[in-house]
Amino acid sequence: MSSVSNGPHAGQEASHDRLACQPSPLVMTVAEWWAEGVRRFGEDPDTWRLVCPACGHVAASHDWDDAGAPKDAIGVACVGRWLPNARDASGTGPGPCNYDGNGLNPVTVTDDDVVLHFFAFAEVTPEGGAR
Ligand SMILES: [Zn+2]
């Protein structure tokens with residue numbers, strides 16, 4: 001048995017590479033969501049950064065921990081809910097805010113019959129940070 005890497009199906013690699021420059025899909029499995037987080041930010045989920053859909057505030061997972069939020073609020077409700085002086089989610093201006101999720105989050109993550117709604121991952125800049 002020999003392994004052929006340049007066969008007629010080699011073009012399938014291109015579709016995989018194409019994903020590298022695309023935004024997060026809006027519906028994915030837990031495994032796909034996890035892979036996307038690792039691809040963007042690395043193996044440590046505490047460093048993954050997520051964008052509040054209400055105020056645009058970007059927070060890392062550990063920011064929720066640091067603010068005293070429960071684990072199930074990470075990427076679901078704005079970290080501002082656990083911070084003083086956060087503005088109202090329906091207001092304007094810079095975040096964080098008091099947005100509480102309510103299933104309106106843009107990314108749907110499914111695992112069998114479980115459906116979760118998360119913030120989108122932050123974009124990674126060439127410098128490695130997020131905007
Ligand atoms: Zn917010």
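A nonpolar core, as I use the term here, is a set of buried Ala, Val, Leu, Ile, Met, Phe, Trp, Tyr and Cys residues joined through C-beta atoms within 7 Å.

**Entry: confidence.** I'm working from a predicted model, so I looked up pLDDT before anything else. The protein chain averages 83, and 75% of the residues score at least 70. Residues 10-21 stay under 50, and the model gives that stretch one contact beyond four places in sequence. Where pLDDT is low, the predicted coordinates should not be read in detail.

**Entry: layout.** I found three helices and six strands in the protein chain. Along the sequence they come in the pattern α-β-α-β-β-α-β-β-β. The chain has 131 residues, and 31% of them are buried. I also checked contacts between residues at least 6 apart in sequence: 43% of these join residues at least 24 apart.

**Entry: the core.** Which residues touch the most other members of the largest nonpolar core? I got Leu 50, Cys 52, Ala 54, Cys 55, Cys 78, Cys 97 and Tyr 99, out of 28 residues in that core. Two or more residues come from each of helix H2 (30-41), strand S2 (49-51), strand S3 (58-60) and strand S4 (107-111). S3 gives the most, with three residues. I then picked Cys 52 and skipped its neighbours within four places in sequence. Its contacts include Cys 78, Cys 97 and Tyr 99, along with His 57 and Phe 119.

**Entry: the open sheet.** Three strands make an open sheet in the order S3-S2-S6, with antiparallel pairing. S3 and S6 (120-121) are the edge strands, each pairing on one side only. Between S2 and S3 I found three bridges.

**Entry: S1, S4 and S5.** S1 (residues 27-29) runs parallel to S4, joined by three bridges. Thr 29 stands opposite Thr 110 in S4. S4 is also joined to S5 (residues 114-118), this time antiparallel, through five bridges. There the bridge partner of Thr 110 is Val 115. The hairpin of S4 and S5 has two residues between the strands, and Asp 112 takes a positive phi near 55° in it.

**Entry: helix H2.** I checked its length. At 1.5 Å a residue, the twelve residues should span 16 Å, and the end C-alpha atoms are 16 Å apart, so the two agree. Which residues of H2 are buried? They are Trp 33, Glu 36, Gly 37 and Phe 41. These cover an arc of only 100° around the axis, so they sit on the same side of H2. Ala 31 and Arg 39 are exposed on the other side. I looked at what covers the buried residues, and the cover includes S1, S2, S4 and S6. Just after the helix, Gly 42 takes a positive phi of about 105°.

**Entry: Pro 45.** This one is in the loop between H2 and S2. Is Pro 45 buried, exposed or partly exposed? A residue needs 20 or more other C-beta atoms within 10 Å to be buried and 12 or fewer to be exposed. Pro 45 has 15, so I put it down as partly exposed. Not counting residues up to four places away in sequence, Pro 45 touches Gly 37 and Ser 61. Pro 45 and Ser 61 are 16 residues apart in sequence, but 6.8 Å apart in space, C-alpha to C-alpha.

Notes
Residues are numbered from 1 along each chain as its sequence is written. This is a predicted model: local features need pLDDT of at least 70, side-chain atom pairs count only at pLDDT 80 or more; totals for chains, interfaces and linings use all residues. Helices (H or I, at least four residues) and strands (E, at least two) are DSSP runs, numbered from the N terminus. Two residues are in contact if their C-beta atoms, placed from the backbone, lie within 7 Å. Two strands pair if DSSP finds at least two bridges between them. pLDDT is the predictor's confidence in each residue, from 0 to 100. The expected span of a helix is 1.5 Å times one less than its number of residues. The arc is that of the directions from the helix axis to the C-beta atoms.
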